Number of protein chains: 2
Amino acid sequence: MLFSTKAEYGVRLMVELGRQPGSEPVALSAVAEAERLPLSYLEHLVAKLRQAGLVTSTRGAHGGYQLSRPADEITMDEVVEALEGQIAPMECFHPTPEGKVLCSHESDGDRACATKLLWTRVQGGVNKALSGTSLADLVEFAGPRESKQSVGSAV
Amino acid sequence: MLFSTKAEYGVRLMVELGRQPGSEPVALSAVAEAERLPLSYLEHLVAKLRQAGLVTSTRGAHGGYQLSRPADEITMDEVVEALEGQIAPMECFHPTPEGKVLCSHESDGDRACATKLLWTRVQGGVNKALSGTSLADLVEFAGPRESKQSVGSAV
DNA sequence: GGATAACCGACCAATCGAGTAGGATTTAGA
DNA sequence: TCTAAATCCTACTCGATTGGTCGGTTATCC
């Protein structure tokens with residue numbers, strides 16, 4: 001499995017925030033109910049999203065979370081990276097600030113690591129998919145809550 | 001991390017087999033030594049490759065492993081899938097025989113799973129990278145053993 | 001001053017990754 | 001026929017990660 005449920009749940013959380021029409025904060029409990037996910041686990045995930053600056057929080061009664069930017073300015077590579085950490089295909093594979101990649105085996109001595117070519121291509125493919133998809137794409141794909149019952153069902 | 005060292009080691013093993021000029025089987029201990037990987041762990045990995053029909057084995061003295069097909073007829077999606085199992089970006093994501101994808105949340109009731117679009121794109125990117133790279137590509141990239149000491153160093 | 005809700009950290013069970021260990025079986029060659 | 005070299009197979013360990021739970025603290029609206 002490439003990603004864990006952290007990414008899955010976190011993305012669904014972001015989509016849920018993105019499909020809210022108003023500008024009022026949404027309580028996490030409403031999201032948990034709508035997506036049928038455990039609230040206390042979502043708390044951990046939303047904390048990562050907040051630290052990454054993707055959502056803002058309002059404390060206290062009638063508080064909650066909202067997107068810190070419009071959904072079409074949020075790309076999924078930010079979201080997934082906030083949730084899962086650095087996206088690298090392989091442990092030995094750390095991108096440097098200059099955009100290059102290092103492979104820890106290269107110092108092994110005699111030759112370039114044979115797998116580097118492969119992982120570079122894989123990472124390119126994943127990156128392209130993630131950065132080429134915005135939260136707005138997913139919100140639109142999910143549909144603007146035209147379904148049977150309202151998501152929050154609150155108030 | 002998208003993949004574990006199983007894929008890393010397994011691919012390096014395949015490359016090592018692919019760069020052997022002759023048609024004689026290569027002992028796993030020679031590969032382990034050349035790549036500095038634990039022999040007993042490689043045994044597990046090569047077993048998977050054998051079950052997937054990617055390598056053939058010769059038992060007994062002077063036995064070993066060889067590719068079951070020419071390197072340019074082996075694509076990396078076969079190799080990685082043999083080592084890591086089904087390549088799906090997410091647990092809920094199982095491709096059906098017809099090439100479609102199922103998302104277990106879809107039966108949740110009211111709407112399509114919002115994340116499906118994203119994971120479909122990611123999987124597409126990974127698949128394209130893996131199936132577009134052949135073992136021969138990696139063998140060539142690694143270079144035809146022009147380095148200091150011979151790999152096997154045996155006989 | 002409640003109720004509501006974000007925040008925070010500790011804890012826990014199950015699974016998986018990475019590797020070890022030990023033996024059984026097959027085969028080439030002396 | 002015996003032995004060394006190799007594949008093959010199963011079981012085990014040990015640590016890290018996942019997917020949670022729980023209890024408590026702080027902030028804010030009414």
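## Terms and basis of the model

A residue is called buried if 20 or more other C-beta atoms lie within 10 Å of its own, exposed if 12 or fewer do, and partly exposed in between, with the C-beta atoms placed from the backbone. With 6 C-beta neighbours inside 10 Å, Ala61(B) counts as exposed.

This is a predicted model, in which local features need pLDDT of at least 70 and side-chain atom pairs count only at pLDDT 80 or more, while totals for chains, interfaces and linings use all residues. Residues are numbered from 1 along each chain as its sequence is written, and chains are lettered from A and ligands numbered from 1 in the order in which they are written. Helices (H or I, at least four residues) and strands (E, at least two) are DSSP runs, numbered from the N terminus.

## The contact between chains A and B

Two residues are taken to be in contact if their C-beta atoms, placed from the backbone, lie within 7 Å. On that basis chain A contributes 37 residues to the contact and chain B contributes 37 residues. On the side of chain A that touches chain B, two or more residues come from each of α1 (5-18), α5 (116-131) and α6 (135-142) of chain A, and α5(A) gives the most, with 10 residues.

For the composition, Ala, Val, Leu, Ile, Met, Phe, Trp, Tyr, Cys and Pro count as nonpolar, Asp, Glu, Lys and Arg as charged, and the others, Gly among them, as polar. The side of chain A that touches chain B then holds 21 nonpolar, seven polar and nine charged residues.

A residue is near a strand if its C-beta atom, placed from the backbone, lies within 6 Å of it. Of the 23 residues around DNA strand C, those that come nearest are Ser57(A), Ser4(B), Thr5(B), Pro38(B) and Gly60(B). The elements that give two or more residues to this surface are α2 (28-35), α3 (39-51) and β2 (64-67) of chain A, together with α1 (5-18) and α3 (39-51) of chain B; the largest share, three residues, comes from α3(A). By class, the surface near DNA strand C has eight nonpolar, 10 polar and five charged residues.

DNA strand D is surrounded by 24 residues, of which Ser4(A), Pro38(A), Gly60(A), Leu28(B) and Ser57(B) are the closest. At least two residues of the surface near DNA strand D are supplied by each of α1 and α3 of chain A and α2 (28-35), α3 and β2 (64-67) of chain B, and α3(B) provides the largest share, three residues. The residues of the surface near DNA strand D divide into eight nonpolar, 11 polar and five charged.

## Helix packing

Axes are lines fitted to C-alpha atoms, for helices over the stretch in contact, and angles run from 0 to 180 degrees between N-to-C directions; angles under 35 degrees count as roughly parallel, over 145 as roughly antiparallel, 65 to 115 as roughly perpendicular and the rest as oblique. The axes of α1(B) and α3(B) come within 10 Å and cross at roughly 75°, and the two helices are therefore roughly perpendicular to each other. In this pairing Lys6(B), Tyr9(B), Gly10(B) and Leu13(B) of α1(B) meet Leu42(B), Leu45(B), Val46(B) and Leu49(B) of α3(B), a contact with six nonpolar, one polar and one charged residues.

In chain A, the axes of α1(A) and α6(A) cross at roughly 75° and come within 9 Å, which makes α1(A) roughly perpendicular to α6(A). Within α6(A), Leu135(A), Leu138(A), Val139(A) and Ala142(A) are buried; they cover an arc of only 100° around the axis, taken from the directions from the helix axis to the C-beta atoms, and this puts them on the same side of α6(A). These buried residues are covered by elements including α1 and α4 (76-84) of chain A and α5 (116-131) of chain B.

## Loops and backbone angles

Most residues other than glycine have a negative phi. Arg36(A), in the loop between α2 and α3 of chain A, has a positive phi of about 55° although it is not a glycine, and it is exposed, with 9 other C-beta atoms within 10 Å. His62(A), in the loop between β1 (55-58) and β2 of chain A, likewise is not a glycine and has a positive phi of about 60°.
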